[in-house]
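Welcome, and thanks for taking a look at this one. Below is a short tour, sorted by topic, to read with the viewer open.

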Amino acid sequence: MRYPARLAAMGAMALATLAPSAVAAADEQFIPVLSYRTGLYAANGIPWANGFVDYLQLVNLRDGGINGVKIAFEECETAYGTDRGVECYERLKGKGPTGAAMFHPVSTGITFALTEKAPVDKIPMVTVGYGRSDTRDGSVFRWNFPLIGSHWTAAGLAIEYLGREVGGKDKLKGKKIVLLHLDAPAGREPIAVFEKLAAKHGYTFTAIPVTAPGLEQRSQWLQIRQMRPDYVVLWGYGGMNPAAIQEAAAVNFPRDRLLGYAWSGAEPDVIPAGDRAKSYKTLMLQHGAERDKVHQDILTHVYGKGAGLATPQEVGQILYNRGLISALVSVEAIRTAQAKFGNKPLTGEQVRWGLENLDLDAGRLQALGVATMIKPLKASCENHEGARFGRVQQWDGARWTVISDWIEVDGTVLDPLVKESAAAYASSKGITPVDCGKL
């Protein structure tokens with residue numbers, strides 16, 4: 001069975017065997033799970049959902065819940081569709097004794113659609129590595145948390161890395177950089193950053209859109225062949241990514257000069273392309289394909305009890321890890337909020353406080369068993385992102401290898417862009433930003 005087809009089959013099996021909590025008990029914390037185990041992006045959505053749910057199961061089975069408060073959860077299938085994502089949100093937001101703790105839209109399009117609903121319903125939106133990049137500004141976006149990194153952070157990381165590749169960002173002057181992006185909210189999100197950084201560093205920038213789902217790219221790659229760029233940055237998702245790698249090979253564009261962003265750098269993005277994917281590089285918004293102590297705990301306490309959703313071999317793959325980390329920061333935000341509000345099921349408004357005061361230092365990451373996967377994370381009213389670190393990995397035909405040290409993105413361009421965009425949003429919606437210094 002082909003890799004994406006096998007994943008889709010596993011997703012169908014997981015949906016059939018998973019017994020979600022239709023009604024949370026009065027002493028349980030309800031966490032909804034928006035997932036896409038079907039549709040065009042199922043090969044990416046299935047491992048994310050497996051990692052997310054497996055971590056919730058770990059907290060229940062190993063720890064007895066969050067400080068004794070068991071987690072109830074329910075999956076809702078979106079098929080990566082914005083309309084279905086909104087339907088799932090409306091159906092799940094009031095479940096549990098205190099309503100939904102938070103939502104992970106797992107889609108930039110769904111995030112945009114829910115951003116105006118969250119303040120009304122007082123339910124935070126957590127977008128780990130995607131979503132609206134300007135929601136880093138918590139003085140305007142009180143309910144959005146692009147924790148660990150955003151599209152804009154990833155764009156900044158790409159230029160930081162390419163600058164190192166050529167011997168310094170000053171040597172980017174005169175280089176040609178193409179952004180091949182999905183013509184969708186996620187794909188268009190980083191364009192502003194690449195344009196701002198082009199003006200600063202002097203490279204020539206061209207954005208080339210690809211119509212979703214992105215399987216047909218021949219004309220775009222013929223254009224790229226004529227342009228002869230120094231680098232192509234790939235901002236795709238799902239089947240667009242292996243299609244891009246195969247088209248790059250067809251026009252003899254070196255795969256080590258094709259740099260994917262974080263959501264273009266997982267096993268389903270390279271395995272279908274076969275040997276043509278060798279040397280392909282991608283950004284890592286923190287974690288990659290790796291195992292730490294948390295994975296052994298999952299294998300022991302979740303899979304050892306027959307409750308795991310993936311196969312043991314898939315525990316630790318990139319998208320699985322992304323779901324795991326998304327669940328982990330959610331649990332730790334609830335734990336943070338419990339220190340203020342008590343060890344009981346919390347409301348979305350109380351969990352929002354926990355997210356804004358989330359502080360995962362090196363010692364806490366070590367205790368959680370993820371010290372090799374992510375850097376310390378500290379959110380605040382001004383900074384709902386918490387960290388701007390990343391690395392770069394490369395596919396050798398069989399596995400991912402980390403090829404860079406940790407890179408911190410320069411905020412001198414990103415910070416004013418965030419403020420400008422957030423201010424424009426606030427003006428258009430009649431929002432008065434809070435004074436973070438007075439909170």
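Where does Gln217 lie? Gln217 sits in the loop that runs between strand S6 (204-210) and helix H9 (218-227). Please keep in mind that this is a predicted model.

- Gln217 is buried, because its relative accessible area is 0%, and the cut-off for buried is under 20%.
- The side chain of Gln217 reaches back to the backbone oxygen of Gly214, at 2.7 Å.
- Beyond residues up to four places away in sequence, Gln217 touches Leu180, Val210, Met240, Ala243, Ala244 and Glu247.
- Pro213 belongs to the loop between S6 and H9 too, and the peptide bond leading from Ala212 to Pro213 is cis, with omega near 5°.
- As background for that bond, most peptide bonds are trans.

**Helix H12 and its surroundings**

- Helix H12 covers residues 293-301, and its buried residues are Val294, His295, Asp297, Ile298 and Leu299.
- Those buried residues of H12 pack against helix H2 (42-63), helix H13 (318-341) and H15.
- Asp297, in helix H12, has a relative accessible area of 13% and so is buried.
- A polar contact of 3.0 Å links the side chain of Asp297 with the side chain of Lys293.
- Setting aside neighbours within four places in sequence, Asp297 is in contact with Leu58, Arg62 and Val302.
- Gly369 is found in the loop between helix H15 (362-368) and S11, and Gly369 is buried at a relative accessible area of 3%.
- Not counting residues up to four places away in sequence, Gly369 touches Asp292, Lys293 and Val294.
- Gly369 and Ser380 are eleven residues apart along the chain, and their C-alpha atoms are separated by 24 Å.

**Disulfides**

- Across the whole structure, a search finds two disulfides.
- Counting bonded cysteines along the chain, the disulfides follow the pattern 1-2, 3-4.
- Cys381 is joined to Cys436 by a disulfide with an S to S distance of 1.9 Å.
- The torsion about the S-S bond of Cys381 and Cys436 is about -65°, so this disulfide is left-handed.
- Cys381 is in the loop between strand S11 (377-378) and strand S12 (389-395), while Cys436 is in the segment after helix H16 (411-429), so the pair ties together parts that are 55 residues apart in sequence.
- Cys381 is buried, with a relative accessible area of 8%, and Cys436 is buried, with 13%.

**Cavities**

- The structure holds five cavities of 30 Å³ or more.
- The largest cavity contains about 110 Å³ of space.
- Its lining has 15 residues, and those closest to the centre of the largest cavity are Tyr80, Ala186, Tyr237, Tyr261 and Trp263.
- By type, the lining of the largest cavity divides into ten nonpolar residues, five polar and no charged.

**Positive phi angles**

- Most residues other than glycine have a negative phi.
- Asn252 is not a glycine, yet its phi is positive at about 60°.
- Asn252 lies in the loop between helix H10 (240-250) and strand S8 (258-260), and counts as exposed at 66% relative accessibility.
- Ser279 is not a glycine either, and has a positive phi of about 80°.
- Ser279 lies in the loop between helix H11 (267-270) and strand S9 (281-284); with a relative accessible area of 32%, Ser279 is partly exposed.

Technical notes
Residues are numbered from 1 along each chain as its sequence is written. This is a predicted model: local features need pLDDT of at least 70, side-chain atom pairs count only at pLDDT 80 or more; totals for chains, interfaces and linings use all residues. Side-chain values use heavy atoms; hydrogens and water are left out. On a 1 Å grid over the protein atoms alone, a cavity is a set of points where a 1.4 Å probe fits but cannot get out, and a pocket is an open set with protein on both sides within 12 Å along at least five of seven lines; lining residues have an atom within 4 Å of a point. Grid points are joined across faces, edges and corners, and a volume is the space filled by probe spheres set on the points. Ala, Val, Leu, Ile, Met, Phe, Trp, Tyr, Cys and Pro count as nonpolar, Asp, Glu, Lys and Arg as charged, and the others, Gly among them, as polar. A disulfide is a pair of cysteine sulfur atoms within 2.5 Å. Helices (H or I, at least four residues) and strands (E, at least two) are DSSP runs, numbered from the N terminus. Buried means under 20% relative accessible area, exposed over 50%, partly exposed in between (1.4 Å probe, protein chains only). Contact means heavy atoms within 4.5 Å. A polar contact is a pair of N or O atoms within 3.5 Å; within protein, one must be able to donate a hydrogen and the other to accept it, and residues adjacent in sequence count only if both atoms are side-chain atoms.
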